[in-house]
Amino acid sequence: MNTVLLINPHYHRNWQYGVDAYSFPIGLLSLATVLSRAGFQPVIVDACVDENFMDTIRRYLPDTLFAGLSVMTPQVPHALEIAAEIRNASPDTPLVWGGIHPTLYPESVTHPLCDAVAVGEGEDTAVDLARAIWDGRDLEGVAGLVLADAGRGVVRTAARPLCDMDALPWIDYRLIDAEKYIYTWSLQELRMVRVIPVPAARGCPWHCTFCINTTINAERRYRTRDTADLLDEIAHLVREYNLEMVILSDEEFFADRGRVEAFLEGIEARNLQHIRFNATCRVNHFRRGYIDASFLKRLRQCGFVNLVFGFESGSPDCLEIIRKEITVEQGLHAARLLASENFMAVWGFIMAIPGETRRDLVKTLRVMEKIRKLSRDNYFIGPQIFRPYPGSELYRRALESGLDEPEDLAAWGRQEFTGEGWIGSGELLWIRPEDRALVEYVNYIAPVYYNRRYLGARSVKRVFHGVLRTLFRLRLSLGCWVFPVEHRIRRYFSSR
Ligand code: B12
Ligand code: SF4
């Protein structure tokens with residue numbers, strides 16, 4: 001049989017079934033689309049959606065060319081469980097690992113439940129791999145792989161060039177049950193809407209030192225799709241799936257002003273202004289001639305309602321450390337302009353960057369407070385705890401501070417992941433011990449305080465959250481962060 005299994009494991013052990021449009025497995029869909037075009041039969045098994053995922057997988061064993069696992073770091077434990085089950089049920093089925101984690105740690109291939117790692121973008125690699133297995137050829141001839149050889153150790157095949165974005169076909173959303181993902185919560189409208197994420201570019205032209213786009217390889221340069229083709233695809237998806245909103249899932253949709261201009265013209269030409277768009281942006285674009293009040297109005301007329309920003313830190317020193325190439329003033333200017341035009345804005349912040357002090361973190365909290373007060377339509381992600389990825393300068397600094405990273409795939413599999421990732425606040429060795437308690441406190445309190453409008457909580461919790469918020473506001477205004485007793489009380493009750 002020419003079937004290829006493409007599997008999305010859970011993100012953490014206590015996975016609760018339930019997804020939204022943000023969870024469309026875009027990477028696997030893209031692989032499935034090219035595999036099916038090449039004459040293979042891809043089967044996407046999403047363990048986040050399909051409670052009987054193991055039965056689904058078994059149905060296709062042993063007659064499958066390979067089982068592909070798509071793995072972010074928190075997915076490793078579950079990926080290993082699935083791989084073990086597959087090996088048990090069908091010992092000859094090759095287990096191929098792809099996605100961010102094996103790309104960052106290609107030596108994962110030495111684990112007995114990993115026969116090959118596909119590094120980086122996988123479309124061409126997956127098709128070549130399926131063909132090689134189908135023909136019975138040696139996998140060393142397939143570019144983009146890392147293999148384990150008994151005699152030679154870890155073997156890298158030829159480098160795989162990046163995909164040509166205009167040669168990639170439109171993602172075929174019929175290859176999964178799109179209805180399971182299509183509804184998502186609109187922060188703007190506070191109701192469920194029909195949404196699909198559409199990738200319009202890959203990579204990013206900026207060089208933030210903490211970001212995966214900078215870390216994975218400098219080669220992963222910014223590549224856009226043909227704008228007319230993108231618009232045709234959007235028009236098609238709107239018709240096919242009766243969409244109300246489209247997420248332009250680029251890392252930085254506004255990197256090229258000319259491209260955005262052409263996109264807006266295309267929206268008008270195709271009468272798509274009734275569709276709402278959600279896109280990523282950067283605060284330094286808010287200047288005359290790039291994004292000013294009149295351009296924001298035009299964006300609004302063309303359906304843009306929600307912009308997502310990585311502001312990251314309220315401390316100029318930290319912005320410098322992460323090479324964000326923005327200033328705090330630019331961020332506040334953007335927030336003011338967005339508020340005056342009634343835009344919904346989502347603000348991402350991070351904390352516990354190597355080199356960050358308590359003063360820096362407090363500056364971040366104060367900047368968030370300023371933005372919060374500007375408009376009810378601001379939503380905050382974080383400040384999230386910084387996670388070091390191999391390859392970056394900040395990673396080296398974390399290692400020097402004693403970062404105790406799991407040594408191999410098996411050790412990653414033993415990690416206890418939560419929705420928050422893999423490093424607990426106690427393990428943040430690159431920040432001062434006395435600041436770790438503050439990080440832990442902020443990690444809990446910030447979403448409760450800054451996103452109050454969006455939180456639904458049961459009544460007892462609501463009262464408790466009210467008390468926490470009042471105390472946090474007091475701390476923020478007095479600059480007093482010692483002895484957060486309210487946090488200890490919360491921790492005591494939540495651990496019972
Ligand atoms: C969209 C997205 C999501 C979506 C959908 C994820 C999905 N299953 O597709 C959602 C919102 C669900 C998500 C969730 C999370 N995400 Co996320 N996400 C992204 C984002 C922004 C884009 C991913 C994407 O669609 N890329 C486009 C597609 C085409 O690329 P791709 O998925 O990488 O797949 C390609 C290759 O990797 C490869 N490939 C992938 N799988 C396989 C398998 C095989 C067999 C082969 C051959 C090839 C292959 O081929 C694909 C096509 O080229 C990335 C950032 C980034 N730049 O990658 C972060 C990112 C992947 N996410 C990340 C993280 C950490 C998470 C969370 C775990 C966050 C958390 N709380 O800790 C959560 C998990 C949910 C939870 N609460 O527990 C990190 C991963 C870091 C790491 N070390 O693993 C990233 C890199 C963000 C970051 N900057 O840190 N995420
Ligand atoms: S602008 Fe965003 S996506 Fe681009 S490198 Fe910086 S953090 Fe990463």
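Because the model is predicted, local features need pLDDT of at least 70 and side-chain atom pairs count only at pLDDT 80 or more, while totals for chains, interfaces and linings use all residues. Residues are numbered from 1 along each chain as its sequence is written, and chains are lettered from A and ligands numbered from 1 in the order in which they are written.

**Shell around ligand 1**

Among the 36 residues around ligand 1, those that come nearest are Gly27, Gly68, Ser70, Gly98 and Gly122, where a residue is near if its C-beta atom, placed from the backbone, lies within 6 Å. Domain 1 (3-165) and domain 2 (168-431) each contribute at least three residues to this shell, the bounds coming from an automatic or database domain assignment. The elements below each supply at least two shell residues, and H1 gives the largest share, four residues; helices (H or I, at least four residues) and strands (E, at least two) are DSSP runs, numbered from the N terminus.

| Element | Residues |
|---|---|
| Helix H1 | 26-37 |
| Strand E3 | 66-70 |
| Strand E4 | 95-98 |
| Helix H4 | 100-104 |
| Helix H5 | 123-135 |
| Helix H6 | 212-215 |

**Helices H11 and H12**

Helix H11 (residues 328-340) packs with helix H12 (residues 358-374) at an angle of about 15°, their axes lying 9 Å apart; axes are lines fitted to C-alpha atoms over the stretch in contact, and angles run from 0 to 180 degrees between N-to-C directions. The two helices are therefore roughly parallel to each other, a term for angles under 35 degrees.

Conventions: Angles under 35 degrees count as roughly parallel, over 145 as roughly antiparallel, 65 to 115 as roughly perpendicular and the rest as oblique.
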